[in-house]
Amino acid sequence: MVKSNKNFRTFEVICLEKLSEIGLASASRWAEAMGYDFRASLNKIIKRIIENHPEKIKVYHKRKPRLYEALL
């Protein structure tokens, strides 16, 4: 039996890495950097990141337009 030493990254982690590359960004700029045409494409993913990994993201402003920053 061969053991593989691969680290699997979830899509949330991939999105956070992209956010850390672009820095402080709105949802539309973040979605554009991920290759999406509309910011609504990332809505569920942003919600999952905020729920599951609140220590890895900082959300500025309670109302729209929100700005996001990765804390990796």
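## Exposed or buried

A residue counts as exposed when its relative accessible area is over 50%, and as buried when that area is under 20%. This is a predicted model. K47 has 55% relative accessibility, so K47 counts as exposed. K47 is found in helix α3, which covers residues 43–52.

## A positive patch

Together with R39, K44 and K64, K47 forms a positive surface patch.

## The loop between β2 and β3

K64 also takes part in a backbone feature. The peptide bond that joins K64 and P65 is cis, with an omega of about 0°. P65 lies in the loop between β2 (57–60) and β3 (67–70).

H61 lies in the loop between β2 and β3 as well. H61 is not a glycine, yet its phi is positive, at about 75°. Most residues other than glycine have a negative phi, and most peptide bonds are trans. Is H61 buried or exposed? At 51% relative accessibility, H61 passes the 50% cut-off, so H61 counts as exposed.

## The nonpolar core

The largest nonpolar core has 15 residues. Those with the most contacts inside this core are C15, L19, W30, L42, I49, I57 and Y68. Which elements supply at least two residues each? They are α1 (11–22), α2 (27–34), α3 and β3. The largest share comes from α2, with four residues. In soluble globular proteins, nonpolar side chains tend to be buried together.

Definitions and conventions. Residues are numbered from 1 along each chain as its sequence is written. This is a predicted model: local features need pLDDT of at least 70, side-chain atom pairs count only at pLDDT 80 or more; totals for chains, interfaces and linings use all residues. Side-chain values use heavy atoms; hydrogens and water are left out. Patches are made of residues with over 30% relative accessible area and no salt bridge: like charges are joined within 9 Å, nonpolar side chains (Val, Leu, Ile, Met, Phe, Trp, Tyr) within 5 Å. Accessible areas come from the Shrake-Rupley method with a 1.4 Å probe; for residues, only the protein chains shown count as cover. A salt bridge is a side-chain nitrogen of Lys or Arg within 4 Å of a carboxyl oxygen of Asp or Glu. Lys and Arg count as positive and Asp and Glu as negative; His and the chain ends are not counted. The place of a charge is taken as NZ of Lys, CZ of Arg, CG of Asp or CD of Glu. Buried means under 20% relative accessible area, exposed over 50%, partly exposed in between (1.4 Å probe, protein chains only). A nonpolar core is a set of buried Ala, Val, Leu, Ile, Met, Phe, Trp, Tyr and Cys residues joined through side-chain atoms within 4.5 Å.
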